[in-house]
Amino acid sequence: ESINLAEERGAFGNILAEQGLTAPQFGMASSQLEATTIAHEIGYPVLVRPSFVLGGRGMEIVYDDVALGGFITRATDITPDHPVLVDRFLDNAIEIDVDALFDGQELFLGGVMEHIEEAGIHSGDSACVLPSLTVTDEQRDEIRIATEKIARGVDVRGLINIQFALADNALYVLEANPRASRTVPFVSKATGVPLAKAAARMSLGTTIAELRAEGIL
């Protein structure tokens with residue numbers, strides 16, 4: 001249920017609105033005409049992809065109607081049952097990857113990673129640094145608060161990965177994955193904290209406070 005809440009864009013958008021968090025403007029299109037209309041409302045460039053996508057497959061940044069039409073013709077079978085997501089593309093933004101643990105009451109922030117490449121490069125194809133190079137203490141506090149709000153909103157137990165973007169001093173939520181991310185082993189090695197082990201214990205009911213008392217966190 002938590003995964004569906006995070007991945008179904010309408011439901012996730014409602015959670016963000018309830019928590020006072022900001023996401024890039026988006027729309028769901030079930031036809032090429034709808035996609036073009038949404039793109040005009042948002043303004044090019046836009047990021048287009050199938051509504052349910054794993055690992056960034058099928059995503060493309062398009063800059064005009066011709067490119068958008070070409071994407072839909074080439075990459076998708078667009079129907080009401082298989083809509084296309086059209087998102088505002090944040091140009092020249094800094095992308096942030098966060099791995100955290102949540103036990104239902106308390107958040108443990110595992111790592112705040114800053115991508116080297118600007119937002120829009122798929123995280124599986126990009127490099128990041130930990131600790132971050134340009135994120136301020138105030139922005140890190142804002143990221144922590146937003147991470148906890150999302151973790152509570154989707155009611156996750158254990159690991160959650162969230163991708164943010166910083167653009168014009170504003171924090172945007174790009175997506176949330178209430179499960180392990182590919183970055184977990186790297187964060188664990190860099191920080192010396194066994195995040196996967198802690199998450200497994202938490203899935204069986206152990207709290208962050210108990211794991212901290214044991215010296216695991």
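The paragraphs below go from the whole chain to its sheet and the helix across that sheet.

This is a predicted model, in which local features need pLDDT of at least 70 and side-chain atom pairs count only at pLDDT 80 or more, while totals for chains, interfaces and linings use all residues. Residues are numbered from 1 along each chain as its sequence is written, and side-chain values use heavy atoms, with hydrogens and water left out.

The protein chain has eight helices and nine strands, these being DSSP runs (helices H or I, at least four residues; strands E, at least two) numbered from the N terminus. For 217 residues a compact globule would have a radius of gyration near 17 Å, and the 18 Å of the protein chain agrees with this; the radius is taken over C-alpha atoms, and the globule rule is 2.2 Å times the number of residues to the power 0.38. Buried residues account for 46% of the 217, where buried means under 20% relative accessible area with a 1.4 Å probe, protein chains only.

Five strands make up an open sheet with antiparallel pairing, in the order β7-β6-β5-β8-β9; two strands pair if DSSP finds at least two bridges between them. Because β7 (128-129) and β9 (170-177) each have a single partner strand, they stand at the edges, and one side of each is left without a neighbour in the sheet. Strand β5 (residues 94-102) is joined to the antiparallel β8 (residues 158-167) by nine bridges, and V98 has I162 of β8 as its bridge partner.

Across β5, β6 (107-118), β8 and β9 lies helix α5 (residues 137-154), which runs at about 135° to β8; angles run from 0 to 180 degrees between N-to-C directions, with axes fitted to C-alpha atoms, for helices over the stretch in contact, contact meaning heavy atoms within 4.5 Å.

Methods. Buried < 20%, exposed > 50% of the residue type's maximum accessible area, 1.4 Å probe, protein only.
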